[in-house]
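My notes follow in the order of looking.

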Amino acid sequence: MEQQDNWADQNKTTLKALTWDQFKAKLKARFQDPLKGQEAYELFKKISQGDCTVRAYYEAFNYILGETDLPEDSKDQTKSFQAKETFFNGLRYDLKKKLVEQSIRPDTATSVEEMVNAAQLYEDAVRIGQGTLAAKLKDEHPYINSKRHK
């Protein structure tokens, strides 16, 4: 703790002039374990959806991206081609195919979130077709498909 207090005292003037995001980046750069960032980067390069939902994959992707030692502009999901490409490449094949059919690719998408939303719509449509979501909706909203509701 003394080392951290000493660092803060030595950099007091500089730290006061920083924005909150700059301060967080500087603090993280000073105290982050470099091996942790490198390990996260290795996971980031290999991350894939597997059989989890699009939303669960996106949450894991976000977490790992935040832990990497990539520069902050590489973590910006609206600007970073690397973030968009890595997310896209980790999607299941059927979802990638649907996104490409809609002209949503890493080089054309405005953000990772755009890819998430499009993939999630397709995933939900598949679940509806399989009856999973339809059954859930019917349980939650009994008036759906009821004879009273004509």
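Entry 1. I started at Phe-87 and listed its contacts (heavy atoms within 4.5 Å). Setting aside neighbours within four places in sequence, Phe-87 touches Tyr-57, Tyr-58, Phe-61, Val-112, Met-115 and Val-116.

Entry 2. I noted the terms of the model: it is predicted, local features need pLDDT of at least 70, side-chain atom pairs count only at pLDDT 80 or more, and totals for chains, interfaces and linings use all residues. Residues are numbered from 1 along each chain as its sequence is written, and side-chain values use heavy atoms, with hydrogens and water left out.

Entry 3. I took the overall counts next. The protein has 10 helices and zero strands, where helices (H or I, at least four residues) and strands (E, at least two) are DSSP runs numbered from the N terminus. Of its 150 residues, 30% count as buried; buried means under 20% relative accessible area, exposed over 50%, and partly exposed in between (1.4 Å probe, protein chains only). Among contacts with a separation of 6 or more, 58% come from residues 24 or more positions apart.

Entry 4. In soluble globular proteins, nonpolar side chains tend to be buried together.

Entry 5. I then checked how α5 packs on α9. The axes of α5 (residues 54-67) and α9 (residues 112-129) come within 9 Å and cross at roughly 155°. Axes here are lines fitted to C-alpha atoms, for helices over the stretch in contact, and angles run from 0 to 180 degrees between N-to-C directions. α5 and α9 are therefore roughly antiparallel to each other (the cut-off is over 145 degrees). On the α5 side I found Val-54, Arg-55, Tyr-58 and Phe-61, which meet Val-112, Glu-113, Val-116, Asn-117, Ala-119, Gln-120 and Glu-123 in α9. By class this contact has six nonpolar, two polar and three charged residues; Ala, Val, Leu, Ile, Met, Phe, Trp, Tyr, Cys and Pro count as nonpolar, Asp, Glu, Lys and Arg as charged, and the others, Gly among them, as polar.

Entry 6. Is Glu-123 buried or exposed? I found Glu-123 buried, with a relative accessible area of 8%. Its contacts, neighbours within four places in sequence aside, are Gln-49, Cys-52, Thr-53, Val-54, Arg-92 and Leu-95.

Entry 7. I followed one of these, Cys-52, to the loop between α4 and α5. Cys-52 is partly exposed, at 26% relative accessible area. With neighbours within four places in sequence left out, Cys-52 touches Tyr-57, Arg-92 and Glu-123. Cys-52 and Arg-92 are 40 residues apart along the chain, and their C-alpha atoms are separated by 9.6 Å.

Entry 8. Last, I went through α8. Leu-95, Lys-96 and Leu-99 are buried there. They cover an arc of only 100° around the axis, which puts them on the same side of α8; the arc is that of the directions from the helix axis to the C-beta atoms. Tyr-93 and Glu-101 are exposed on the other side of α8. The cover over the buried residues of α8 includes α5, α7 and α9. After α8 comes Ser-103, with a positive phi near 60°.

Conventions: Angles under 35 degrees count as roughly parallel, over 145 as roughly antiparallel, 65 to 115 as roughly perpendicular and the rest as oblique.
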